[in-house]
Protein chains: 2
Amino acid sequence: MTGILSGLRVVEGSAFIAAPLGGMTLAQLGADVIRFDDLAGGLDSDRWPVTKDGASIYWAGLNKGKRSIAVDLRSPKGRELLTALITAPGENAGIFSTNMPARGWLAYEELAKKRADLIALNIVGARDGSAHVDYTVNAITGFPMVTGPVGHQGPANSVVPPWDIATAYAGAMAILAAERHRRLTGQGQRIVLPLQDIALSTVSATGYIGEAVVNEVDRPRLGNEIFGTFGRDFRTKDGRWVMICMFSDRHVDALAAAGGFTDAFAAIEKKTGVDLKSDAGRWNARAEICALIEPWVARHTTEEIGAALKKAGALWAPYKSFRELSADKELVQDNPLFTVLDQPGIGSYPVAASPLQFGAVPREAPRPAPTLGQHTDEILSGILGLPAHEIAQLHDAKVVGGPR
Amino acid sequence: MTGILSGLRVVEGSAFIAAPLGGMTLAQLGADVIRFDDLAGGLDSDRWPVTKDGASIYWAGLNKGKRSIAVDLRSPKGRELLTALITAPGENAGIFSTNMPARGWLAYEELAKKRADLIALNIVGARDGSAHVDYTVNAITGFPMVTGPVGHQGPANSVVPPWDIATAYAGAMAILAAERHRRLTGQGQRIVLPLQDIALSTVSATGYIGEAVVNEVDRPRLGNEIFGTFGRDFRTKDGRWVMICMFSDRHVDALAAAGGFTDAFAAIEKKTGVDLKSDAGRWNARAEICALIEPWVARHTTEEIGAALKKAGALWAPYKSFRELSADKELVQDNPLFTVLDQPGIGSYPVAASPLQFGAVPREAPRPAPTLGQHTDEILSGILGLPAHEIAQLHDAKVVGGPR
């Protein structure tokens, strides 16, 4: 293990996306992330997409590079073992990440009795502790009411789970902030991270609450247009779509060069009185700009349009399906982010490492997700110091399990 | 300043969302984040939404709690001052975050000549350094082709910028990981974070590439339905929408209790042969479940439905517009995340603090964004140790500016 977080150990009790992805983020940077699950697996261990044999591609994607210990979570002995694991000594250990209810034996106060400087991250739904998932959090943000095609009635949900993803990275960051604090002061702490507050703070940061209160307007549904500057999808001759944007002077010049629009852009400026080198100018003249670009894109194939835009240095991208992306040479096949990995029980496919490239250490290749309880024995032995016969007794008593 | 990162200093040269939001994330946890801008302001200083007077609500939202220094970025003297600021001594300083091209005087190699253990985070578009924004990155992920109502042709863009948000938190995390490494080894480093790779690693983590390659299918467009379990929007009697989900046994029981569906759910299980306590069962019987819930929701007002679902502990949420959210008592007005703040030049509105609650320190209230160059003089004096007459000369020579 050569990652930037090599040596750090995090114990995780998690399900769904935010908490597992946060742990995987740390594992892919070299931390020893141990997830515990009940003998029967977690709430999400069979979650779709699954293979034709029912193996969860979803679970494998979110738990790469972790170690797995399987324990009967209802048995007092199982809970005692996990408490010992969570609170094991060592300046790089004693870190716990969970989105399970932090009650009873998993309450911070209980765990801290065994290790006073414990760091525990509790990801919760809302600040009152009530359950929420990305979909229920997204509903209240306002975004679904402005997503989707103009004229669509009602909400359009996000397929990307933005709040889970943000919570994963924010949680990983919070663990490192608390670990820094502990290194400097010796003090541990509980961190509470509500999924709903991540979403609300983002609605605030991106100006939607300020706009609603100060300007007293609700942003309308704009379809695929980018509010306040220029950007939209366009359809090519071969029936595909490309996204074309202009965020700066340079993008205006590049698009003008790609399509031969220099004179036409000047004519738009003259006719409408706007400055296309400003965000407001591009936004106000967007109908005129689209009237130029739409027929140009429609007259050319995706390949022709892509070549012209790329050559000119324009800000654009082709739209892809998941299968097209998966087979894409530049984005996946030749991208050093990806390694074709054999995930036991699922098969071989390109799997991403951490998107972060640290200059001081080589990027770690992705490692497969564990099978349930794959590392039960080595964890009981290596971290808790249990002798082989005790581990065998724990298996016999069905207190621990695995590998499955 | 009492935040968990109190004492840490980060210098930022940034525009748009990812880099500024990453810096703000650190600033809201107590770090001293100093953003530098050209005398005329940055690329995004006027970005929409703006007030009727043209002040950017967007910029204010993403730069809260930072300090601002305004410098002529083309002048050798200005560059020399910023190099000194970026590489200033101190074990908590020497951290630079940017999405500006890391070339010339901003190249890591140049800056590291002045401070060998510098930490520099470079957020880039794609791994080859080419420019990308959230919209062009999102196009290639596959998500727009499955977002929006069933039957919609073509892409539906995300209004939330998911990749910018993830990059912001991932970047903040990376800075803390590198700072930990420097504390342990004395070594600085450059970190490269491509916006495109954040998106690609997420497509991988959430199983879409595995599904496409192993199962050889492209996930279809499912409208507002949650793939592989149960969840969808429903319209109420008063013409509003609620999201209702079932992710676990508990959610099935709660929804059954809220709507009186216990017998009807049992009848569905009998008729279809599925187990509604499993994800696959709920997914396969979703048409039958919807046929129950749809008329129930349609017969009741949003208030009635909400009261019944809340009482039963169901997993649900009402959809809200940005204005409704902004005025919501529970989510915003009474949420301790928010403080009504007077943002100079814009007005008073609820503004969010960090969504992270660290047990060891009180949560910092949000602070306004700076005006351009608001802290020029105190930074030149307090960090670079320049005497008042030199600072005055720099103003006279138009090398530095502000406050505007």
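This is a predicted model: local features need pLDDT of at least 70, side-chain atom pairs count only at pLDDT 80 or more; totals for chains, interfaces and linings use all residues.
Before you start: local features here need pLDDT of at least 70 and side-chain atom pairs count only at pLDDT 80 or more, while totals for chains, interfaces and linings use all residues. Residues are numbered from 1 along each chain as its sequence is written, chains are lettered from A and ligands numbered from 1 in the order in which they are written, and side-chain values use heavy atoms, with hydrogens and water left out.

**Exercise 1. Find how many residues of chain A are in contact with chain B, and what area is buried between the two chains.**

Step 1. Take contact as heavy atoms within 4.5 Å. On that basis, 142 residues of chain A touch 142 residues of chain B.

Step 2. Turn to area. The size of an interface is often given as the accessible area lost when the parts come together. Buried area is that loss (1.4 Å probe), summed over both parts. For chain A and chain B the value is about 12,400 Å², and carbon and sulfur atoms give 69% of it.

Step 3. Trp48(A), Arg180(A) and Phe322(A) supply 7% of the area that chain A buries against chain B, more than any other three residues.

**Exercise 2. Work out which polar and charged links join chain A and chain B.**

Step 1. Count the salt bridges (a side-chain nitrogen of Lys or Arg within 4 Å of a carboxyl oxygen of Asp or Glu). There are two between chain A and chain B. In a salt bridge with an N to O distance of 3.0 Å, the side chain of Glu179(A) meets that of Arg180(B).

Step 2. Ask which element of chain A gives the most to the side that touches chain B. Helices (H or I, at least four residues) and strands (E, at least two) are DSSP runs, numbered from the N terminus. The answer is helix 6 (residues 162-185) of chain A, with 17 residues.

Step 3. Sort that side of chain A by class: 87 residues are nonpolar, 35 polar and 20 charged. Here Ala, Val, Leu, Ile, Met, Phe, Trp, Tyr, Cys and Pro count as nonpolar, Asp, Glu, Lys and Arg as charged, and the others, Gly among them, as polar.

**Exercise 3. Find where a strand of chain A pairs with a strand of chain B.**

Step 1. Strands pair if DSSP finds at least two bridges between them. Strand 12 (residues 357-358) of chain A and strand 6 (residues 189-194) of chain B run antiparallel and are joined by two bridges.

Step 2. Pick out a partner: Phe358(A) is bridged to Ile191(B) in strand 6 of chain B.

**Exercise 4. Describe how chain A is related to chain B.**

Step 1. Superpose the copies by least squares on the C-alpha atoms of residues with pLDDT of at least 70 in both.

Terms used
A polar contact is a pair of N or O atoms within 3.5 Å; within protein, one must be able to donate a hydrogen and the other to accept it, and residues adjacent in sequence count only if both atoms are side-chain atoms.
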